[in-house]
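Hi,

Here is the structure I promised to pass on. Have a look at it first, and then read my notes below.

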Amino acid sequence: LINKWVDYTFGRSEFCRPTIWLAEDIKSEARCLRTIIKSMGIKHLTTVNFGVGGNTRKRLGNHFEYKLMRHLLAESHTMLILDKGYGHKEQLGCSELIRELVADGFTVQETLFGRWDHLADNTRVLAVEGNIGQTAAMIGISDDFIGYDSACQHIAAALRVPGVTVFAG
C-alpha cells in the first residue's frame with residue numbers, strides 16, 4: 001500500500017521492500033553468537049517469540065508453546081533462541097516454559113543479549129533478554145522464526161527470514 005501511495009504521490013518508482021537497519025555493534029554481537037553456535041555443532045537455529053503485544057487473545061497458551069518447542073527440539077543439532085519477551089507477563093510465561101523444558105532434561109541457558117561467553121556445549125535453548133533491536137538481530141541470524149502475529153513476525157519478514165506465524169481463534 002505504501003508503494004502504491006508513493007507512486008501515486010511522486011510518480012512511478014522501483015518497488016521498495018520493508019527494510020530494517022540495525023546498529024553495527026548489535027549485528028556484530030548476533031554474528032558472534034551464530035559463530036559460537038556453529039562451533040557447537042548446531043546446524044539449525046530457530047528464534048521463537050511468544051509475545052503478543054499485550055493482546056492475550058492472540059495466544060494459544062503455554063501448553064501449545066511448550067509442545068511446539070518440544071517438537072522443534074526433537075530434531076538433533078537444533079537450537080532455539082527463546083526471546084524472553086517484554087513485560088512481566090511475557091517473561092513469566094517464558095520462565096514457566098523454561099522450567100518445563102529443564103524438567104524434561106533439556107539444557108536451557110538464560111542470558112542477556114551479548115553475553116555469549118558462558119554458553120555450555122549442550123545448550124538446546126538459549127533464553128535471551130534484550131531490546132527490540134537485539135531481538136531483530138537474533139532473528140536475522142536464524143534459519144527461521146516462529147511466533148504469534150506480532151512485531152517480530154513483521155521483523156522476520158522484513159529481514160527475509162522464513163517464518164511461521166501462529167494465529168489463535
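Let me start with H44, which sits in strand 1. Before going further, a word on the source: this is a predicted model, in which local features need pLDDT of at least 70 and side-chain atom pairs count only at pLDDT 80 or more, while totals for chains, interfaces and linings use all residues. Residues are numbered from 1 along each chain as its sequence is written, and side-chain values use heavy atoms, with hydrogens and water left out. Helices (H or I, at least four residues) and strands (E, at least two) are DSSP runs, numbered from the N terminus.

**H44 and strand 1**

H44 has a relative accessible area of 29% and is therefore partly exposed (buried means under 20% relative accessible area, exposed over 50%, partly exposed in between, with a 1.4 Å probe and protein chains only). Strand 1 (residues 44–49) is mostly covered, with five of its six residues buried. Not counting residues up to four places away in sequence, H44 touches H77, T78, M79, D143 and D144; contact here means heavy atoms within 4.5 Å. D144 is 100 residues from H44 along the chain, yet their C-alpha atoms are separated by 8.6 Å. T78 is the bridge partner of H44 in strand 2.

**The sheet**

Strand 1 pairs with strand 2 (residues 78–83) in the parallel sense, over six bridges; two strands count as paired if DSSP finds at least two bridges between them. The whole sheet is open and has six strands in the order 3-4-2-1-5-6, with parallel pairing. Strand 3 (108–112) and strand 6 are at its edges with a single partner strand each, so one side of each has no neighbour in the sheet. On average, neighbouring strands are turned by 20° against each other, direction ignored.

**Two helix pairs**

Helix 3 (residues 62–73) also packs against helix 4 (residues 88–103), at an angle of about 45° and with the axes 10 Å apart. That makes helix 3 oblique to helix 4 (under 35 degrees counts as roughly parallel, over 145 as roughly antiparallel, 65 to 115 as roughly perpendicular and the rest as oblique). The crossing of helix 3 past helix 4 is right-handed, meaning that the near helix is turned clockwise from the far one by less than a right angle. On the helix 3 side the contact uses N62, E65, Y66, M69, R70 and L73, and these meet G93, E96, L97, E100 and L101 in helix 4. By type, the contact residues of this pair are five nonpolar, two polar and four charged. Ala, Val, Leu, Ile, Met, Phe, Trp, Tyr, Cys and Pro count as nonpolar, Asp, Glu, Lys and Arg as charged, and the others, Gly among them, as polar.

Helix 5 and helix 6 pack at about 50°, with their axes 10 Å apart, which makes helix 5 oblique to helix 6. This crossing is right-handed too. I132, T135, A136 and I139 of helix 5 make the contact with C152, I155 and A156 of helix 6. Those residues divide into six nonpolar, one polar and no charged.

**Around helices 5 and 6**

The buried residues of helix 6 (residues 151–158) are C152, Q153, I155, A156 and A158. Their cover includes strand 1, strand 2, helix 5 (132–140), strand 5 (144–148) and strand 6 (163–166). In helix 5 you will find Q134, which is buried at a relative accessible area of 17%. Leaving aside neighbours within four places in sequence, Q134 is in contact with I26 and F113.

**Two positive phi values**

Which residue in the loop between helix 3 and strand 2 deserves a look? H77 is placed there, and H77 has a positive phi of about 60° although it is not a glycine. With 41% relative accessibility, H77 counts as partly exposed. R160, in the loop between helix 6 and strand 6, is another residue other than glycine with a positive phi, near 60°. R160 is exposed, at a relative accessible area of 58%.

Best wishes

Technical notes:
Axes are lines fitted to C-alpha atoms, for helices over the stretch in contact, and angles run from 0 to 180 degrees between N-to-C directions.
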